[in-house]
Every structure is written in structure tokens, then in C-alpha cells.
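This report describes a two-chain contact and then the make-up of one of the chains. Please read it beside the sequence and the model.

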Amino acid sequence: MYPAAFRYYRANSMKEAAGLLLELGEDARALAGGQSLIPLMKLRLARPSALVDLNFIPNVSLIHKPHQEIRIGALAHHAQIADSKIVEQVPILHDCAAGIADAQVRNRGTIGGSLAEADPTGDWAPVLLTLATDVHCVSVEGERTIPLRDFAIDAYTTVMRPGELLDEVRIKVPPKNSAGAYVAFKRCPSVYASASVAVQLTMQGKACEDARIQLGCVGLTAIRAQNAEAELRGRPISERTIQLAGEAAMSEAEPQPDMRGSVAYKRVLVGALLRRAIGIALRRCSGEHVEVSHEYVGRN
Amino acid sequence: MPIQLKVNGKPYELSVEPRLLLVELLREDLNLTGTHIGCDTSYCGACTVLLNGANVKSCTVLAVQAHQGEVLTVEGLARNGELHPIQKAFAENHGLQCGFCTPGLLMSTAYLLSKNPNPTEAQIRKAIGGNTCRCTGYQNILKAIRAAAGLMNSVAMVKPNED
């Protein structure tokens with residue numbers, strides 16, 4: 001299958017790419033990893049008049065850590081993030097990067113492309129929203145830093161203006177007594193998750209000082225499960241509080257029935273994934289190394 | 001759009017339409033039909049090749065994106081008429097039935113073993129998660145990959161992505 005014909009531009013800098021996109025108009029698209037855009041174009045669900053390729057721009061996939069902030073270039077692909085020693089220090093980021101789709105897609109797909117596409121079933125938004133994350137955007141007029149919580153406002157819709165490009169993701173390193181986990185359930189490796197849960201816990205001994213919980217794939221954007229957080233915050237974590245948090249998250253989810261499952265099924269899934277994620281986050285808070293990633297049938 | 005790239009070590013300078021997919025470039029323009037088109041929707045992995053050493057689905061990469069890149073296809077695995085150890089291991093362990101998915105599986109195996117010469121069972125399964133075998137011959141595929149790792153570790157062969 002061939003995409004419909006388009007004009008192709010190879011940008012040399014993010015500023016140049018932003019200028020080109022502004023000039024070419026709203027039918028033009030930026031091309032990052034292309035793992036969503038190219039299949040959409042082949043199915044003719046997307047027919048951009050022009051593509052501005054960001055892949056040949058130097059230094060847009062760097063991962064570095066100035067002070068207590070991890071900065072990931074927009075064009076860093078998932079495999080590169082999964083292999084990064086810097087990212088390893090924040091296990092929830094590794095959970096996400098190492099489990100997205102399959103090896104081939106992780107070698108092409110990018111964190112910037114994923115966030116900018118704002119697919120409701122994307123993995124990065126729920127994970128990064130449990131941490132203090134900003135996205136840095138550039139345009140011909142200048143640059144701005146947007147808190148990630150203000151970035152995606154609807155399915156496939158962000159606050160970025162025409163001719164604006166996301167060029168870096170900036171994540172505050174959580175304190176030592178804080179750890180998280182991301183668990184996503186999918187039917188097989190190559191597909192989007194049916195539901196996912198990201199948890200970041202900050203512990204003071206046995207008591208939960210703070211909890212951040214985000215639900216993925218069960219709303220138009222990632223959903224912050226505030227009632228579930230409230231069940232944990234300021235209390236010792238026990239089987240009972242974990243159970244209550246799971247029940248709260250089940251009712252806070254806003255799933256749609258589709259080929260991945262019914263509303264009832266997805267709510268049950270959210271509850272189970274949250275209980276599992278809390279358990280892993282707690283073990284990590286106590287210093288244990290726990291390897292997790294996306295779960296699917298048949299994986300062992 | 002002019003592009004330059006190396007395929008199986010051989011340099012090419014070509015002029016391509018921007019919408020040309022890498023897999024079509026390989027099959028139609030370079031006559032390297034070992035790379036198969038299966039689902040054509042970025043699911044099955046039959047079209048897997050190595051681009052700059054990493055396995056990618058060539059049905060989901062534009063040929064223009066491979067500009068200045070190095071591509072390795074299944075045709076580039078054998079050396080001087082001798083099968084690559086991965087190919088030998090698949091042949092010896094009956095790691096294929098109809099063979100349609102095999103080129104993609106060989107390339108995903110090449111990528112896995114280039115990064116991790118001693119993968120665990122779980123790591124092997126994860127590494128081929130993006131390659132679908134509709135004959136469902138996975139048991140022998142797993143056996144073949146384990147055997148390939150053993151062969152590659154016993155005979156010091158040239159890495160598949162070096163030329």
C-alpha cells in the first residue's frame with residue numbers, strides 16, 4: 001500500500017522545521033518515527049500534503065541530566081530510552097520504554113512523536129504525568145515550556161499551535177523515597193494496550209506521603225485517579241487501602257467499549273493493574289530491583 | 001528525491017518518489033525479494049530488515065528516511081555462499097514451515113544476538129514479539145534461536161551488521 005503523494009522536506013533544525021510547517025499550512029505534518037503516521041497514510045486515513053522530516057536534525061535525540069532533571073530529546077526512540085543508564089534511575093520510565101509495541105517499533109517510534117500525537121492509548125502520557133514533567137516547544141516566534149498536564153486537551157489534540165514543535169521532554173528526578181511502576185495490559189506485543197496504570201509513590205517509612213496515579217487507554221486523555229490517590233495519601237499502605245484505591249480507580253476510569261474489551265472488562269482490568277502497580281512501586285520504594293513492563297497473553 | 005544508501009554493503013545512488021516505502025525500494029528497485037510483505041500494516045514483521053544495525057519494519061519506513069543509512073536484508077546474511085549461523089540454526093531445527101515469516105525472524109534474531117549474545121528464554125520471546133508466524137511454528141523457532149546463539153558463540157563469526 002502506498003501513501004497518497006506528498007511533498008517531502010528534510011529539515012536541518014527544529015526552527016527550520018517549525019518555519020516550514022507554518023509556511024506549508026495545516027495539511028503538512030512533521031515526521032518523527034513515523035510508526036503511527038506512516039500506517040495511517042498507507043490506509044489513507046491521513047493524507048498530508050507535505051511531510052517535514054525531523055530525523056536528520058542533529059542532536060534532537062540526546063538524553064542528559066543537568067542537575068535533578070532528565071531531559072530527553074523529542075526524537076529519542078523508545079529503544080534508546082529503554083537502554084539509557086540515565087533513565088534507569090527512574091524505573092517507571094524504563095517500564096514504559098521497554099514495553100511499547102515490539103522491538104521494531106521501539107527502534108523507530110519516538111517519545112516526542114508519541115506525546116505530540118496524543119493518542120488516547122499512548123503509553124508515555126500516563127507515565128510522565130505521575131512525575132513533574134514539562135515539554136519544551138519551539139516555533140519561529142520563540143520557545144515555551146508547557147507543563148505536561150496542560151499539554152493534551154483531548155484525544156489527538158494538544159495545545160501546540162500550527163508551526164509549533166515539541167523538541168524536548170523534561171522530567172524532574174523524584175526524591176530518593178519515591179518510586180513508581182507502569183503496567184499496561186495488551187492482547188499481544190504489536191498492539192496498543194487495552195488499559196494501563198502508572199503509579200508513583202513517595203513513602204515515609206510505612207506511610208504514604210504522596211501518591212500519583214494515572215490511567216491510560218480508558219479516557220480521551222490520560223486520567224488522573226484522584227480518588228484512588230486519596231485512598232493512599234497520608235496513610236499506611238495495607239491490603240485494605242490498596243483494595244480501596246483499586247475500587248476508586250475502577251469508577252474513575254471512563255472506558256469505551258471496543259475490540260479490546262467491554263466497559264466492565266476494562267474497569268476490572270484497571271483495578272487489577274492498579275493493585276499490581278502499587279505492589280511493585282512499594283517494593284521499589286524499599287530498594288528492591290523489580291523488572292516489569294507491558295504484560296500480554298503468553299508472555300513469560 | 002535523490003538518496004544514497006548502502007544495502008548489504010553495496011552503495012546505491014537512486015532517485016525515488018517520497019512515498020516509496022523502504023520495502024518496495026528493496027523488492028521492486030533492487031530486486032531483493034527476500035524481504036517479504038505480509039500484513040503491510042506494521043504488525044506482522046515479515047518485512048523486518050536492519051537499518052543502521054537496528055531491526056525495523058521496512059513497510060513502515062519511507063525509502064527517503066534510509067538516506068545515508070545502511071540496510072541489511074536477509075540476502076546479506078550469508079557470506080561467500082556459506083549460510084549465516086542463524087540461517088543454519090533455522091534450517092537444522094526446522095525453524096520454519098511455509099517460510100514466509102522467516103526472513104523477518106532471521107533479521108530480528110540477528111538484531112537480538114548482536115545486542116545480547118546469550119539471551120534468556122524470556123528475552124528471546126520478547127525480541128520476536130513483533131514477528132508473527134501464521135503456521136504457529138514458534139516452538140521450533142525458539143529452538144532455532146537458542147541454537148543460533150550457541151553456534152554464534154562457538155564459531156566467532158563476523159557480526160551481521162558489519163561488512
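## Contact and fold

The contact draws 22 residues from chain A and 25 residues from chain B, two residues being in contact if their C-beta atoms, placed from the backbone, lie within 7 Å. On the side of chain A that touches chain B, α2 (37-42) and α6 (103-106) of chain A each supply at least two residues. The largest share of that side, 3 residues, comes from α6(A). Helices (H or I, at least four residues) and strands (E, at least two) are DSSP runs, numbered from the N terminus.

This is a predicted model: local features need pLDDT of at least 70 and side-chain atom pairs count only at pLDDT 80 or more, while totals for chains, interfaces and linings use all residues. Residues are numbered from 1 along each chain as its sequence is written, and chains are lettered from A and ligands numbered from 1 in the order in which they are written.

Chain B has 5 helices and 5 strands. From its N terminus on, the order of elements in chain B is β-β-α-β-β-β-α-α-α-α.

| Property of chain B | Value |
|---|---|
| Box filled by C-alpha atoms, along the principal axes | roughly 45 × 30 × 25 Å |
| Buried residues (20 or more other C-beta atoms within 10 Å of their own, C-beta atoms placed from the backbone) | 48% of 163 residues |
| Contacts joining residues at least 24 apart, among those between residues at least 6 apart in sequence | 64% |

Note on methods. Buried ≥ 20, exposed ≤ 12 C-beta atoms within 10 Å, placed from the backbone.
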